[in-house]
Amino acid sequence: MTHYGQAKVLLGAHGAGMANTLFMPAGGYHIECFSSNYKNECNRELAGVAGHSYTPLVTPPHRHSPTDCPFVDLEHLERVLKRVCTIL
């Protein structure tokens, strides 16, 4: 939990681990990746409660499973990270 307590940005695929946003200092940035086949707003709400900005990285659906780890568009991710860097 020490690392989360020092983090300014949390980036990851949708899942229970994203709840660790609650241990980050307020004012952080929460970036969540998930497939357009599966969208769940719970981590957006957690980020808001913790005082963080939130950005979803929604990716196109793929053939495997609706809940498989998404394929991230690296150009989109780069744009998001550049925007975050100007904010923080």
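Let me begin with strand β2, which is mostly covered: 7 of its 7 residues are buried. Buried here means under 20% relative accessible area, exposed means over 50%, and partly exposed lies in between, with a 1.4 Å probe and protein chains only. Tyr29, Ile31, Cys33 and Ser35 point one way from β2, while His30, Glu32 and Phe34 point the other way. In a regular strand, side chains alternate between the two faces of the sheet.

A word on the source. This is a predicted model, in which local features need pLDDT of at least 70 and side-chain atom pairs count only at pLDDT 80 or more, whereas totals for chains, interfaces and linings use all residues. Residues are numbered from 1 along each chain as its sequence is written, and side-chain values use heavy atoms, with hydrogens and water left out.

Now the overall plan. The protein has 3 helices and 3 strands; these are DSSP runs numbered from the N terminus, with helices being H or I of at least four residues and strands E of at least two. From the N terminus on, the order of elements is α-β-β-α-β-α. Of the 88 residues in the protein, 32% are buried.

How are the strands arranged? They form an open sheet in the order β1-β2-β3, and the pairing is parallel. Two strands pair if DSSP finds at least two bridges between them. The edge strands, β1 (9-13) and β3 (53-59), each pair on one side only. Between β1 and β2 there are 5 bridges, and between β2 and β3 there are 7. Cys33 of β2 illustrates the arrangement: Ala13 stands opposite Cys33, and Cys33 stands opposite Leu57 in β3. Leu10, in turn, has His30 of β2 as its bridge partner.

Next, the helices that accompany the sheet. Helix α2 (residues 42-50) lies across β2 and β3, running at about 165 degrees to β3. Helix α3 packs on the sheet and touches β1, β2 and β3, its direction making about 165 degrees with that of β2. For these angles, axes are lines fitted to C-alpha atoms, for helices over the stretch in contact, and the angles run from 0 to 180 degrees between N-to-C directions. Contact means heavy atoms within 4.5 Å.

Which residues of α3 are buried? They are Leu77, Val80 and Val84. These residues cover an arc of only 65 degrees around the axis, which puts them on the same side of α3; the arc is that of the directions from the helix axis to the C-beta atoms. On the other side of α3, Glu75, Arg79, Lys82, Cys85 and Thr86 are exposed. The buried residues of α3 pack against β1, β2 and β3.

Finally, a loop position. Gly17 is found in the loop between β1 and β2 and is partly exposed, with a relative accessible area of 43%. The C-alpha atoms of Gly17 and Asn43 are separated by 9.9 Å, although these residues are 26 residues apart along the chain.
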